Amino acid sequence: MKYKKLLVFLLVVLLIPINVSAKTLGDLKNEYNALEQAYKDKQAEIDNNQNEQRNTNARIDEIYGEIAQTEKEIEDLNKKIMELKLEIEEKDDQIKSVMKYYQVSNGESELLEYLFSAKSITDFIYRATVTEQMSRYNTNLIEEMHRLIEESKKAINDLHSKEESLKSLQDELRSKLYMLQMEAVNLSEEEDSIEKDIEASKSIIQFYIDSGCSEDDDIATCANEQLPYGTRFWRPLQSGYMTSTWYSDYLYDYGGECRSHAGVDIGAPTGTPVYSISDGKVVFAEYGYNGGYGNKIVVQHYINGQNYTSLYGHLSGINVSVGDIVTKDSVIGWVGNTGNSYGSHLHLNLCVGLNSCISRWQTTDPGAYINFPPNHTSYYDRTSYYAGYYSNPCGW
Ligand SMILES: [Zn+2]
């Protein structure tokens with residue numbers, strides 16, 4: 001007894017959160033709004049990324065200019081050093097020639113001779129002073145120039161390290177730019193995927209609205225009687241012969257003009273099983289002439305968020321009833337030759353949306369959704385790939 005009470009308690013406890021977390025159409029709309037916001041945010045991120053890329057590129061270009069400027073300064077300083085060296089040589093020569101001028105005769109006495117051949121004491125002092133000052137002046141000048149050369153060399157070193165750091169900054173900016181470009185690729189992929197999510201979200205919401213769900217209905221139950229969710233289409237017969245495709249030369253009585261066919265015709269022996277082209281719900285299944293289609297089945301599908309309708313005509317037998325949920329493996333009927341038909345074959349129409357799918361103005365080319373082989377060729381399974389379906393003998 002005790003355990004039973006506990007079990008009931010546990011069941012109640014476990015059931016409550018499930019009811020609380022039930023998803024409604026309103027929730028779906030909120031999710032849709034969140035996706036729209038995420039899309040806007042993503043676009044803002046993309047804008048930021050593009051701005052940063054632009055700025056980084058501009059800075060890289062700027063640094064090219066700064067490097068060129070630095071190299072120019074180094075070149076100028078090297079030129080200056082060359083000039084200073086030339087000047088030093090000149091001054092050296094000047095000192096030497098001054099000394100030579102004063103040392104016209106032999107030995108160490110030349111300077112003394114020059115000094116002592118002074119005509120007066122004043123002349124003597126003058127000669128001594130001039131000699132001394134000239135040589136000191138040139139020596140100072142040469143020292144000053146050596147100092148300038150050392151300064152220039154130091155400046156060149158500084159400029160070289162400045163150039164190095166500019167180049168490494170540029171390298172850093174280039175790798176930053178590379179990262180930004182990688183990020184941009186990811187961002188645009190994320191943007192695409194959000195866009196797809198938005199599209200899917202839209203059609204799912206539309207599906208529940210079309211199913212009569214209202215804002216606060218639990219979507220798990222309000223669309224219970226609706227279509228199962230599929231992902232793709234398959235060929236309706238295991239094997240067959242393409243008697244005519246959408247683009248076949250289909251001659252109508254009036255004028256015999258070349259017109260597109262409403263669907264495709266697949267030749268196969270009477271009694272061949274006909275499968276639904278995908279998961280769906282049977283909305284029509286009747287024996288009779290049915291406007292030329294003969295014994296006819298219509299199935300509605302919900303594939304990747306989009307509604308479709310498929311129609312199967314000229315059947316010899318019907319294996320389903322209205323309201324049946326079918327899969328791509330359900331045998332819904334058998335190939336026959338009923339209605340306006342001249343030989344055993346399946347006529348297949350495909351329509352985008354939920355409709356009767358009987359008129360040429362509703363139908364779409366099944367070959368755009370199901371990979372059929374070219375006209376007048378056979379196939380032997382429901383999936384293998386064929387190229388060349390779109391041969392158009394009408395020459396459009
Ligand atoms: Zn046909």
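**Close-up views of a predicted model**

**View 1. The largest nonpolar core and its most connected members.** The largest nonpolar core has 31 residues, of which I266, V274, I297, Y312, L346 and L348 touch the most other members. At least two residues of this core come from each of β5 (264-267), β6, β7 (280-286), β8 (295-303), β9 (306-315) and β13 (345-352). A nonpolar core is here a set of buried Ala, Val, Leu, Ile, Met, Phe, Trp, Tyr and Cys residues joined through C-beta atoms within 7 Å. A residue is buried if 20 or more other C-beta atoms lie within 10 Å of its own, exposed if 12 or fewer, and partly exposed in between, with C-beta atoms placed from the backbone. The model is predicted: local features need pLDDT of at least 70, side-chain atom pairs count only at pLDDT 80 or more, and totals for chains, interfaces and linings use all residues. Residues are numbered from 1 along each chain as its sequence is written.

**View 2. Surroundings of L346.** With neighbours within four places in sequence left aside, L346 is in contact with P236, L237, I266, A268, V274, Y312, H314 and V335. Contact denotes two residues whose C-beta atoms, placed from the backbone, lie within 7 Å.

**View 3. The open sheet β6-β12-β10.** Three strands form an open sheet in the order β6-β12-β10, with antiparallel pairing. Strands β6 (273-275) and β10 (317-318) stand at the edges with a single partner strand each, so one side of each has no neighbour in the sheet. Strands (E, at least two residues) and helices (H or I, at least four) are DSSP runs numbered from the N terminus, and two strands pair if DSSP finds at least two bridges between them.

**View 4. Residue pairs along β12.** Three bridges join β6 to β12 (residues 331-334) in the antiparallel sense. Y275 stands opposite V331 in β12, while V274 has G333 as its bridge partner in that strand. Strands β10 and β12 also run antiparallel, joined by two bridges; G317 is partnered there with W334 of β12.

**View 5. K29 in helix α2.** K29 is placed in helix α2 (residues 25-102). This residue counts as partly exposed because it has 15 C-beta neighbours inside 10 Å. The C-alpha atoms of K29 and I205 are separated by 7.1 Å, although the two residues are 176 residues apart along the chain.

**View 6. The protein chain as context.** The secondary structure of the protein chain comprises five helices and 15 strands. Of its 396 residues, 20% are buried. Among contacts in the chain with a separation of 6 or more, 69% are between residues 24 or more positions apart.
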